[in-house]
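The sequence and structure come before the notes.

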Amino acid sequence: MREVRVLEIKQSVFADNDRQAQELRQELKEKGVFLLNLMSSPGAGKTTTLMRTIEGLRDTLKIGVMEADIDSDVDARTISGSGARVIQLHTGGMCHLDAEMTRQGLAGLETEGLELAILENVGNLVCPAEFDTGAVKNAMILSVPEGHDKPLKYPLMFSICDVVLINKIDVLPYFDFDLDQCREYIHMRNPKAKIIPICARTGEGVREWTKWLEEEVKLWREGR
Amino acid sequence: MHELGVVFHIMDNLEKVAAENKANGISKVVLELGEVSTVIESYLQNCWKWAIKKRELFAEAELVVEQLPAVTYCEGCGQTYPTVQYGKICPYCKSPDTWLLQGNEFNIKEIEVY
């Protein structure tokens, strides 16, 4: 009979990833690169919001974008028209990016000279919230057609985000979306979350968002 | 919905542990899973059965999941209550000032190797 041993592990499944993410954040700090992790459901407007963000910041910051999707390169093609450096990452069926995949993505993007790197995570409100990517700040987009109850249904996502952009506010009159109720639900999960209503299509509210981002990048780079 | 990704993540971790301990194979993996951890045990078991065929080290590995109930603590009255039944609002004093005491764990507790 073979000898069997029991090994006590007693660690979170995510402990390894959390450590790698912390190391990546430290390396980015030394290089002066600010990494933003942008998350949302599919179709909430990540790519359109990104286009607006780049438009607003490309004169002041050197920006690189990583587009993570299960397949295709449509988003990377769209972004490449904006003037930002862009790379498409394929997760090969995985529903999220972890710290190691983000590190590989950053290596492919070549962060030399970059001040702001943006990771457009896989469209999903569940899995990306579990895995720290090594980003300095997490942002998510909730769009009006999705409904104001989402912070109740996906509490973890809302609790890890520094900023929640409420997108597509131009269609508010056509949906039963209660903006005040939504703010309340988000703050129940995360009292510190900054909430910015925007319309990426028309550009409404985008200035407040890019101002916030620009300020955060500045603080991060000054803290070196 | 991300159980398969999580399974491979666990396997990556444990392959390192097995190598450090000079184990030839893993016969059992015991996880602690909180009731509100976003991972569903039955999906996890299905993914596990599929994934162990892909990794030699795990070929005979049984997955044991120990469930931890979700418990919320109320800052308002200092009592605890079952999270899934009552949610964010304390059933005793109706305060929303509550936080999860236990229930979002997802830990590798121990493994059995040979």
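A:Arg103 is partly exposed, at 24% relative accessibility, where buried means under 20% relative accessible area, exposed over 50% and partly exposed in between (1.4 Å probe, protein chains only). The model is predicted: local features need pLDDT of at least 70, side-chain atom pairs count only at pLDDT 80 or more, and totals for chains, interfaces and linings use all residues. Residues are numbered from 1 along each chain as its sequence is written, chains are lettered from A and ligands numbered from 1 in the order in which they are written, and side-chain values use heavy atoms, with hydrogens and water left out.

- A:Arg103 meets A:Glu100 in a salt bridge, at 3.9 Å from N to O; the term stands for a side-chain nitrogen of Lys or Arg within 4 Å of a carboxyl oxygen of Asp or Glu.
- Both A:Glu100 and A:Arg103 belong to helix H4 of chain A, three residues apart, or about one turn of the helix; helices (H or I, at least four residues) and strands (E, at least two) are DSSP runs numbered from the N terminus.
- A:Glu100 also counts as partly exposed, with 32% relative accessibility.
- A:Glu216 forms a salt bridge with A:Lys137, and their closest N and O atoms are 3.9 Å apart.
- This pair links distant parts of the chain, 79 residues apart: A:Glu216 is in helix H8 (residues 206-222) of chain A and A:Lys137 in strand S6 of chain A.
- A:Glu216 is buried at a relative accessible area of 18%, while A:Lys137 is partly exposed at 22%.
- Salt bridges with shared partners join A:Asp16, A:Arg19, A:Glu23 and B:Lys16 into one network.
- A:Arg77 and A:Asp73 form a salt bridge with the closest N and O atoms 3.1 Å apart.
- Of these two residues, A:Arg77 is exposed, with a relative accessible area of 56%, and A:Asp73 is partly exposed, at 34% relative accessibility.
- Over all chains, a search of the whole structure finds 19 salt bridges.

**Interface of chains A and B**

- Contact, meaning heavy atoms within 4.5 Å, involves 28 residues of chain B and 26 residues of chain A.
- The two chains bury about 2,400 Å² between them, 60% of it on carbon and sulfur atoms; buried area is the accessible area (1.4 Å probe) that two parts lose on being put together, summed over both.
- On the chain B side, B:His2, B:His9 and B:Lys88 lose the most area to chain A, together 22% of what that side buries.
- The rule finds two salt bridges across the interface.
- B:Lys16 and A:Asp16 meet through their side chains in a salt bridge, at 2.9 Å from N to O.
- Helix H1 (3-20), strand S1 (26-34) and strand S6 (106-113) of chain B are the elements that give two or more residues to the side that touches chain A.

**Strand pairing**

- Strand S1 (residues 5-12) of chain A pairs with S6(B) in the antiparallel sense over six bridges; two strands pair if DSSP finds at least two bridges between them.
- In that pairing, A:Leu7 stands opposite B:Ile111.
- Strand S6 (residues 137-143) of chain A is mostly covered, with six of its seven residues buried.
- S6(A) pairs in the parallel sense with strand S2 (residues 34-40) of chain A over five bridges, and A:Leu38 stands opposite A:Ala139.
- S6(A) also pairs in the parallel sense with strand S7 (residues 163-167) of chain A over five bridges, where A:Met140 stands opposite A:Val164.

**Positive phi angles**

- A:Lys10, a residue other than glycine, has a positive phi near 50°.
- A:Lys10 is in strand S1 of chain A and is exposed, at 52% relative accessibility.
- A:Glu110, again not glycine, has a positive phi near 65°.
- A:Glu110 lies in the loop between helix H4 (99-109) and strand S5 (116-120) of chain A and is exposed, with a relative accessible area of 54%.
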